[in-house]
Amino acid sequence: MKERDESPIVLIVSRILSPFIMLFGAYVIAHGHYSPGGGFQGGAMLAASVLLVRLAAGSRISELQFKRAWGTPLGIAGVSLFFGVGLAAVLFGGQFLNHEFFHLIPGVTGPMLRSLSILVIEVGVGLAVMGILVSIYDDLLEEDERREDL
Amino acid sequence: MSDIQNLITIVMVTLGTFFMFVGSWGIVRLPDFYSRSHAVSLSDTLGILLILGGLMVYEGFSLNSAKLFIALVFMAHASPTGSHAIARAAFRGGLKPLFTRTENREK
């Protein structure tokens, strides 16, 4: 395998910036239902913060932050959260993803209930996008490494 | 007070757009990769810092101003590092700088 020549500037700056990108991704997800942003954009930012360290420092150091095996389970968890909210509405007697019928939290109804359940959906979408984007990158890199080993 | 704020904002944003224009001009006019990267990294960083600083002055002391400050700090770190990484990758990849004048002189 070719020897990596790492630039300390890129390494340090990407390691410092990565948590802040992650924080902004969480902000975009959390405010997605009443301001610009949303689950997909925030999830892409979360994935970008992981992939930045992966590109700058290599997979070995980046595994300390986000393990290669976590990508697919995180995607499955996000999709399950999305469909869980949708199917919970069906369970309570409404249509799929009809938030009016999502009565898991007692005493919360109307616009507040819709806002909360769309927030849960945004979090699910964000987790799914983050997990799948990181695992796409890892799969491509794994293919590359296998070809270099041959 | 507001007039002074407006004046500072106008001056800073105009300077910032000027520097970004110079950077774009450099990427069109300059001959090889390294000089283009030099032009666009320095002047674009300064331009975006001036524009964001001017908008901070316009906004005053508020939450939006704090968000702009965070964006300013982020740009101040990310933009030079990106240019450094690209130029370093080009250099390590074996791209030679353009030195026609000095080569002719040595011959």
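Student: Which residues touch the most other members of the largest nonpolar core?

Tutor: This is a predicted model, and in it the largest nonpolar core has 25 residues, of which A:L46, A:A47, A:V50, A:M130 and A:V134 touch the most other members. The elements that each give two or more residues to this core are α1, α2, α4 (71–91) and α5 (110–149) of chain A.

Student: And which element gives the most to this core?

Tutor: That is α2(A), which contributes nine residues.

Student: What does A:V50 touch, leaving out residues up to four places away in sequence?

Tutor: With those set aside, A:V50 is in contact with A:Q65, A:F66 and A:V134, and A:V134 is itself among the core residues that touch the most other members.

Student: How many residues of α2(A) are buried?

Tutor: Of the 19 residues in α2(A), 14 are buried, so the helix is mostly covered.

Student: How do α1 and α2 of chain A sit against each other, parallel or antiparallel?

Tutor: In general, two packed helices are described by the angle between their axes and the distance between the axes. Here the axes of α1 (residues 8–30) and α2 (residues 39–57) of chain A come within 8 Å and cross at roughly 170 degrees. Angles over 145 degrees count as roughly antiparallel, and therefore α1(A) is roughly antiparallel to α2(A). By class, their contact has 16 nonpolar, seven polar and one charged residues.

Student: Switching to chain B, what is buried in α1(B)?

Tutor: The buried residues there are B:M12, B:G16, B:F19 and B:G23, and they pack against α2 (33–59) of chain B. B:M12 also belongs to another core, of eight residues, which lies apart from the largest one and includes B:L50, B:V57 and B:L68.

Student: What distance should the 28 residues of helix α1 of chain B span?

Tutor: At 1.5 Å a residue, this helix (residues 2–29) should span 40 Å, and its end C-alpha atoms are 40 Å apart, so the two values agree.

Student: Last one: how many residues does each chain give to the contact between A and B?

Tutor: Chain B gives eight residues and chain A gives seven residues. On the side of chain B that touches chain A, three residues are nonpolar, three are polar and two are charged.

Key: Residues numbered from 1 in each chain as written. Chains lettered and ligands numbered in written order. Predicted model: local features only at pLDDT ≥ 70, side-chain atom pairs only at ≥ 80, totals over all residues. Helix = DSSP H or I, 4+ residues; strand = E, 2+ residues; numbered from the N terminus. Expected span 1.5 Å × (residues − 1). Buried ≥ 20, exposed ≤ 12 C-beta atoms within 10 Å, placed from the backbone. Contact = placed C-beta atoms within 7 Å. Nonpolar A, V, L, I, M, F, W, Y, C, P; charged D, E, K, R; others polar. Axes fitted to C-alpha atoms, helices over the stretch in contact; angles between N-to-C directions. Parallel < 35°, antiparallel > 145°, perpendicular 65-115°, else oblique. Core = buried A, V, L, I, M, F, W, Y, C linked by C-beta atoms within 7 Å.
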